[in-house]
Amino acid sequence: MNLLNPLIELFFPPRCLVCDRPGEIVHTPCRVELPYVQEPFCHRCSQPLGQVHCRSTFCSMSQQNQSLTGIRSVFWYGGGGRQAVIRLKYRGIASLRNWAGYEAAKALQNFELENTFDMIMAVPLHASRLQQRGYNQSDIVARVLAQHIGRPYWNRSLVRQRATQSQVKLDGHQRAGNVRNAFGWQGPLLQGQKILLFDDVCTTGATLNECARTLQQAGAGEIWALTLTRETLPDQLLAYPNSPSKSN
């Protein structure tokens, strides 16, 4: 596992996600600078709303193709939220898992969704990516989240059965095609159980929706997604005052 040994972090204390000074993951005075998701946002996909109707890729697809009941996110993908994902994903900073899991649990409470689910799952990595990185950043946070809200965590049956190309340069429709049939279920039927899917970032929701489609085929009931961060559409950055600035 590539996560830094806690002993190393003892000698090299965490740097604040906001001000980058050493000492704490987020200094108390810096908390006000964290880009928490706030109203107005789409209650279907969590995209910030600068107009009456949401124009996100997820909300634009037909209802029969929407496998998720809804998506919620803790932070906008900017500032401290973006730094949290980068440090979890690429630097393997172990101490962040507890902070991120706590923030995710608190967000569920704020959204009044903490008692909605029967179990929690994380979006899986393909075996080749997992071997390369050594850990799944969404998995390690989801485990802490499950402990905080007192729900079982299930990580053995939802699998990424096909490696996919990077989604970074793809538009919404291309992303949906890229992950089509990329996931599989290798467990017992879910028999209507309500699931919370966790991932680190939501951009268009294509990956989350495809995971949810797989869970539906396995017999799941209502499926929600929670992500640590939510990317925003470029044309909405100026329309929503609390979204990340363009410099982020």
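Started with H3 (residues 79-91) against H4 (residues 96-110), working in a predicted model. I get axes that come within 11 Å and cross at roughly 135 degrees. That angle makes H3 oblique to H4. I noted the handedness too: H3 passes H4 in a left-handed crossing.

Then I looked up who touches whom. From H3 I find Ala84, Arg87 and Leu88, and they meet Leu96, Arg97, Trp99 and Ala100 in H4. Sorted by class, this contact has 5 nonpolar residues, 2 charged ones and no polar ones.

Next, the other helix packing against H4. H6 covers residues 137-149, and its axis runs 8 Å from that of H4, at an angle of about 50 degrees. So H4 is oblique to H6. Here I have a right-handed crossing as H4 passes H6.

I listed this contact as well. H4 brings Arg97, Asn98, Ala100, Gly101, Tyr102, Ala104, Ala105 and Leu108. On the H6 side I wrote down Ile140, Val141, Val144, Leu145, His148 and Ile149. Arg97 and Ala100 went into my notes for both contacts, with H3 and with H6.

On to the rings. How many aromatic pairs does a search of the whole structure find? I count 3.

Tyr36 with Phe75 is one I checked: the centres are 4.8 Å apart and the planes sit at 40 degrees, a tilted pair. I traced where the two rings come from. Tyr36 is in the loop between helix H1 (6-11) and helix H2 (57-60), while Phe75 belongs to strand S1 (residues 70-76). The pair links distant parts of the chain, 39 residues apart. Are these two buried or exposed? I have both Tyr36 and Phe75 down as buried.

Then Phe41 with Phe111. Their ring centres are 5.8 Å apart and the planes are at 70 degrees; over 60 counts as edge-to-face, so that is what I call this pair. Phe41 lies in the loop between H1 and H2, and Phe111 in the loop between H4 and strand S2 (119-122), so the pair ties together parts 70 residues apart in sequence. I also looked up burial for Phe41: its relative accessible area is 6%, and under 20% means buried, so buried it is.

Last entry: I grouped the rings and got Tyr36, Phe75 and Trp99 in one aromatic cluster. Trp99 was already on my list, as one of the H4 residues that H3 meets.

Key:
Residues are numbered from 1 along each chain as its sequence is written. This is a predicted model: local features need pLDDT of at least 70, side-chain atom pairs count only at pLDDT 80 or more; totals for chains, interfaces and linings use all residues. Side-chain values use heavy atoms; hydrogens and water are left out. Axes are lines fitted to C-alpha atoms, for helices over the stretch in contact, and angles run from 0 to 180 degrees between N-to-C directions. Helices (H or I, at least four residues) and strands (E, at least two) are DSSP runs, numbered from the N terminus. Angles under 35 degrees count as roughly parallel, over 145 as roughly antiparallel, 65 to 115 as roughly perpendicular and the rest as oblique. A crossing is left-handed if the near helix is turned anticlockwise from the far one by less than a right angle, and right-handed if clockwise. Contact means heavy atoms within 4.5 Å. Ala, Val, Leu, Ile, Met, Phe, Trp, Tyr, Cys and Pro count as nonpolar, Asp, Glu, Lys and Arg as charged, and the others, Gly among them, as polar. Rings of Phe, Tyr and Trp (its six-membered ring) pair if their centres lie within 6.5 Å; planes under 30 degrees apart count as stacked, over 60 as edge-to-face and the rest as tilted. Buried means under 20% relative accessible area, exposed over 50%, partly exposed in between (1.4 Å probe, protein chains only).
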